[in-house]
Number of protein chains: 2
Amino acid sequence: MLKKQINIAIVGLGTVGKAVLRLIMAQQSNILNRSGIDITIKHLCVRTSPQNMDASIQPLLRDSYEEVLKDPNLDCIVELVGGIDTAFHIIKTAIEQGKHVVTANKALLALRGEELFSLARKNNVCIGFEASCAGGIPIVRSLIDGLLANSIRGIFAILNGTCNYILTQMATQRSSYKHALLRAQKDGVAESDPSLDTSGMDAAHKIAILSSLAFGLKVDFSSIFIKGLENIELVDIQNGEKLGYVLKLVSAAYEVDTGITLWVRPVFLTQTHALSWVHDTFNAISVYGDINGHTLYYGRGAGGNPTASAVVSDIISIAIGTLSAFFQHTRNWQDLNTRIDQIHVRKTAHRFYLRLSVFDTPGVLTRITYILSKQDISIASVLQKEKSEHSFTRSTNIIITTHHTKEESLVQAIKEIDQEDFIQRKTISLAILDEFPEFPPH
Amino acid sequence: MLKKQINIAIVGLGTVGKAVLRLIMAQQSNILNRSGIDITIKHLCVRTSPQNMDASIQPLLRDSYEEVLKDPNLDCIVELVGGIDTAFHIIKTAIEQGKHVVTANKALLALRGEELFSLARKNNVCIGFEASCAGGIPIVRSLIDGLLANSIRGIFAILNGTCNYILTQMATQRSSYKHALLRAQKDGVAESDPSLDTSGMDAAHKIAILSSLAFGLKVDFSSIFIKGLENIELVDIQNGEKLGYVLKLVSAAYEVDTGITLWVRPVFLTQTHALSWVHDTFNAISVYGDINGHTLYYGRGAGGNPTASAVVSDIISIAIGTLSAFFQHTRNWQDLNTRIDQIHVRKTAHRFYLRLSVFDTPGVLTRITYILSKQDISIASVLQKEKSEHSFTRSTNIIITTHHTKEESLVQAIKEIDQEDFIQRKTISLAILDEFPEFPPH
């Protein structure tokens, strides 16, 4: 077996940085034995000296990454500071100094990946970013290598463990969104400011990166339709269950008539849908290729160790030389297929679940179904429960599911319905996602 | 993007060979656009000229692979003839002529992979074998690349689509094994002689290959415990369902106390088990790494197109140069970790399902439970249904599930039970598989 050494610097020692450090220190000889690669940590760049650290790492601590990047023996930097501006500057400087880069920074790659990838190619170095999407699941490699014989037709994924945990808690513990979020924070699964996760933004960063790999698409990030969990109510999860659905925050990028549509939103999945069994903090990515059909990749999408697993596999692949070869050969931001349009979700069709809160007066259902039919929306099921005789209010919920309908028609219908006097509060609508057809009909 | 040409010869034009040919002819420019690799088919080696073939391929047809392998411009051969002896000779000759090899031949690699891999390394060429395990699922790449930072602790997989289809048919259509097999044959999912699949042998070839990658284990193929589907009865699938279990043919390789145990057998899975939702001809592989925990890979494990997808991704990776680099760097047959022992399944513990067919005489249950307790087997549940008053027979079924017990104890107990006069026919036993612990307890 060939043996090779790679000298690395780790920049940033948060949860992931510490896990990478621990993994390399503990597994150095195992990794050497397994791959012939000897990973040597030469520098650890931290703003403030970490507490309770092993004495052996003291000599490796540096407070300036600029100095570190001048080391001619350094092969690769591992950027784990997060954020946009500083991280961009670190990676740019490293590339200009001829160093390879490994990063877990999805926000940076989603927003400014194009510049960095192009710069890296010019400087003949590569960027490893397996850790940026779905942590411990080797999905980036599957797209840039294992599925190369395929044109990808669609990706449907659960890419945010925090949101999936919250939804699992709501469904299994019958808790409100607020309580489930508190529980997630208590369990270390959600940040004290959880908005990057719960807004769907984090998942959007990841689907943007995966789409650029899968479709050779230059993603216009601002035109991704993003809807988070913040307004999800337990009652809709429960109503969905009765109808045979599971609510998940799904990220999707798939072919429609004239382009690709990208969105992140809570959707109902049928209970046989391949993503419906993915619970807690797990992630999963369904990929539909034109040749191999449906494949799915499941695992832990976040957390120190799973992310470190991805970071270290990138370091090893850089040392072996394979990542550079893929980087030079496979399309992503470099080869923008400008013929592909991003189609707004409103122009696409889904089935829908509607919950209408109405004052129960005669003719309400007639009026609602009339407005829907004006927009050519066909109703699949209606459920209006009898009110208890002792009920003090005249309000009730009507649950409607529709057949496939273009979302802009539905939005228009809801707008009209919500102006009716009998409407008590804004109508809730959630898309129902069927399993993507594995192969298009002939 | 770098551009490169690779000249290939396809040897064998069965289902997979034809699919590879079709894929390359149809997607040549897409693949070039995606990866910079121009795949050129220089030779098609067939024993008898295929019927209804495109006129354009006539000039490529050859009847002797020996002549083809002398072509100095040939880079890579794709061996798709199957079987052992001829395939071995083709691959050996190709390697000696300095050609890279891509093969889907699991039987050959499971039985004689070690010789071929060692020969390939000596001759500085590589063998691509993504297609040998689980067709369209890039599991070989995940093990040799994406999971490199991990020590693998266990693999649990559904690796035979034919068996999975038969079991899905039995469970959903309430059909006997015989009828489900006929249906599978009618649907083109089972061969006219299905024994390679239904005996578990095909799955054993695949788990042997995956184990050698995951554990660096030199697999003693003859010591893999292999049990097929042939004796499965519908009644046990139905009994299992009532207890909350799904029956699947599972291939496993995992750490036990002092080594690795390898087996292929029908087992009951709890309905929350990650493999329990895998139906029809789909395959799935659960991998448990010490760092990234549980990952799962799902997709089509057989069929022309999915297998061709794997073959072509290997051809592209050989042209890019990545497969050779991995081949030189990552351990498998080359780096035999002789310290790992293969532990016979009889020495390992499972929960078990037993169906005892007894003549219903007084004291039967006492005698059975006494024999089980002598072997230290603890009973988890017992179900003996009341017979109909109109029943003409005195025979009845007793369903017992056990707590974890070493299999050799159970085998001994059943042997003793089956000698009792009240036993009407041999006792059926099936292991019940719990989800593998994602991380070992601290």
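# A tour of chains A and B

Start with chain A, coloured by domain: domain 1 covers 4-139 + 307-329, domain 2 covers 151-300, and domain 3 covers 348-431. What you have open is a predicted model.

**Stop 1**

Select the strands numbered 1 to 6 in chain A. These six strands make an open sheet, ordered 3-2-1-4-5-6, with parallel pairing. Look at the edges next. Strand 3 (61-62) and strand 6 (127-128) of chain A each have a single partner strand, so one side of each has no neighbour in the sheet.

Strand 5 (residues 100-103) of chain A runs parallel to strand 6 of chain A, and two bridges join them. Pick A:Val101: its bridge partner in strand 6 of chain A is A:Ile127.

**Stop 2: a salt bridge within chain A**

Show the side chains of A:Lys42 and A:Asp71. They form a salt bridge, with the closest N and O atoms 3.2 Å apart. What does this pair tie together? A:Lys42 sits in strand 2 (residues 37-45) of chain A, while A:Asp71 sits in the loop between helix 2 (65-69) and strand 4 (76-79) of chain A, so the link joins parts 29 residues apart in sequence. Over all chains, the structure holds 44 salt bridges.

**Stop 3: the sheet in chain B**

Switch to chain B. Here six strands form an open sheet in the order 3-2-1-4-5-6, again with parallel pairing. Strand 3 (61-62) and strand 6 (127-128) of chain B are the edge strands, each pairing on one side only.

Strand 1 (residues 4-11) and strand 4 (residues 76-79) of chain B run parallel and are joined by four bridges. Select B:Ala9 to find one pairing: its bridge partner in strand 4 of chain B is B:Ile77.

**Stop 4: the interface**

Show both chains. Select the residues in contact: 54 in chain A and 55 in chain B. The two chains bury about 4,800 Å² between them, and carbon and sulfur atoms give 57% of that area. Which three residues of chain A supply more of its buried area than any other three? They are A:Arg34, A:Ile291 and A:His329, which supply 16% of the area that chain A buries against chain B.

Across the interface, 22 residue pairs are in polar contact, counting pairs with both residues at pLDDT 80 or more. Now colour the chain A side by element. Helix 1 (15-35), helix 5 (139-146), strand 12 (293-300), helix 11 (304-320) and helix 12 (322-329) of chain A each supply at least two residues that touch chain B. Helix 11 of chain A gives the largest share, eight residues.

Salt bridges come next. There are four between chain A and chain B. In one of them, the side chains of A:Arg300 and B:Glu438 meet at 2.6 Å, N to O.

**Last stop: strand to strand**

Select strand 12 in both chains. Strand 12 of chain A pairs with strand 12 (residues 293-300) of chain B in the antiparallel sense, over three bridges. Finish on A:Tyr297, whose bridge partner in strand 12 of chain B is B:Tyr297.

Key. Residues are numbered from 1 along each chain as its sequence is written. Chains are lettered from A and ligands numbered from 1 in the order in which they are written. This is a predicted model: local features need pLDDT of at least 70, side-chain atom pairs count only at pLDDT 80 or more; totals for chains, interfaces and linings use all residues. Side-chain values use heavy atoms; hydrogens and water are left out. Contact means heavy atoms within 4.5 Å. Buried area is the accessible area (1.4 Å probe) that two parts lose on being put together, summed over both. A polar contact is a pair of N or O atoms within 3.5 Å; within protein, one must be able to donate a hydrogen and the other to accept it, and residues adjacent in sequence count only if both atoms are side-chain atoms. Two strands pair if DSSP finds at least two bridges between them. Domain bounds come from an automatic or database domain assignment.
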